[in-house]
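Good morning, and thank you for coming.

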Amino acid sequence: MARLPVKIAPSILATDFTRLGEHVSEAIVGGADWLHVDIMDGRFVPNISFGPMIPQAIRPLADAANIPLDVHLMIEEPERYLKQFAQAGAARLTVHAEATRHLHRTVQDIKELGIKAGVALNPATSLTAVEEILPDVDLILIMSVNPGFGGQSYIPQSSSKIRRLRRMLTDRGSSAWLEVDGGISAKNAADIAAAGATALVAGSAIFRGEKSVADNITEMKNVVRTVFSV
Ligand code: DX5
Ligand code: ZN
């Protein structure tokens, strides 16, 4: 079977934390391309999740399978914690454009740590917020829910934003990943991929879905496959 041009990134926020390692292993064996790690500080978003100890704990599992840890920092002034998360095993650090005053500097700081840099946008933040930084980033993350909680519904207007960002990336010859996060399931994954996403984050649909973790990942991959006929 041909390789799917869209990465599936299960969000560990939706795992059963009493059996985090097992759940993560199920996702890895089940075909996860990346592991998405949500860091929430109770300031930038109303919820608190966990700190660098959790990515550090699952890092051996991810490393053994050569799966990158895709760390999404929903924290104010993320520049304060870049090093800690890089040391905890992040292959990629994504900061919110709304959370850092000097985005260009923060992006350069991430790259100086030898890892990939991403920039996330809240649903109400315009794409112009990343226009000037596009040549410097490896990934743009479009939030399709207001960040802070798993299990929310996909905001429908996100699809038009994804299409516009896809055009912007194409026009500028950028090969940055276009990641989408929030409310993604097998029901809407094909449309989101068709709009131009190249990485889909999914928490509830994968770890709390109807079937096993592996079957939920396979189902999502299969619906995305229909878009590319691969
Ligand atoms: C939301 C987080 C998401 C979340 C996605 O603030 O950034 O990564 O875990 O969860 P679902 O797939 O349940 O919407
Ligand atoms: Zn996330």
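Phe17 has a relative accessibility of 46% and counts as partly exposed; buried means under 20% relative accessible area, exposed over 50%, and partly exposed in between, with a 1.4 Å probe and protein chains only. The model is predicted: local features need pLDDT of at least 70, side-chain atom pairs count only at pLDDT 80 or more, and totals for chains, interfaces and linings use all residues. Residues are numbered from 1 along each chain as its sequence is written, chains are lettered from A and ligands numbered from 1 in the order in which they are written, and side-chain values use heavy atoms, with hydrogens and water left out.

Rings of Phe, Tyr and Trp (its six-membered ring) pair if their centres lie within 6.5 Å; planes under 30 degrees apart count as stacked, over 60 as edge-to-face and the rest as tilted. The count by this rule is 2 aromatic pairs. Phe17 and Phe50 have ring centres 6.0 Å apart and planes at 75°, so they are edge-to-face. Phe50, at 12%, is buried.

Trp34 and Trp177 are also edge-to-face, because their centres are 5.0 Å apart and their planes at 90°. Trp34 is buried at 3%, whereas Trp177 is partly exposed at 27%.

I turn to ligand 1. What does an oxygen atom of ligand 1 approach in Ser204? An N or O atom of the Ser204 side chain lies 2.4 Å from that oxygen, a polar contact (a pair of N or O atoms within 3.5 Å). A polar backbone atom of Gly203 is 2.7 Å from a ligand 1 oxygen.

Note on methods
Polar contact = N/O pair within 3.5 Å; in protein donor to acceptor, adjacent residues only side chain to side chain.
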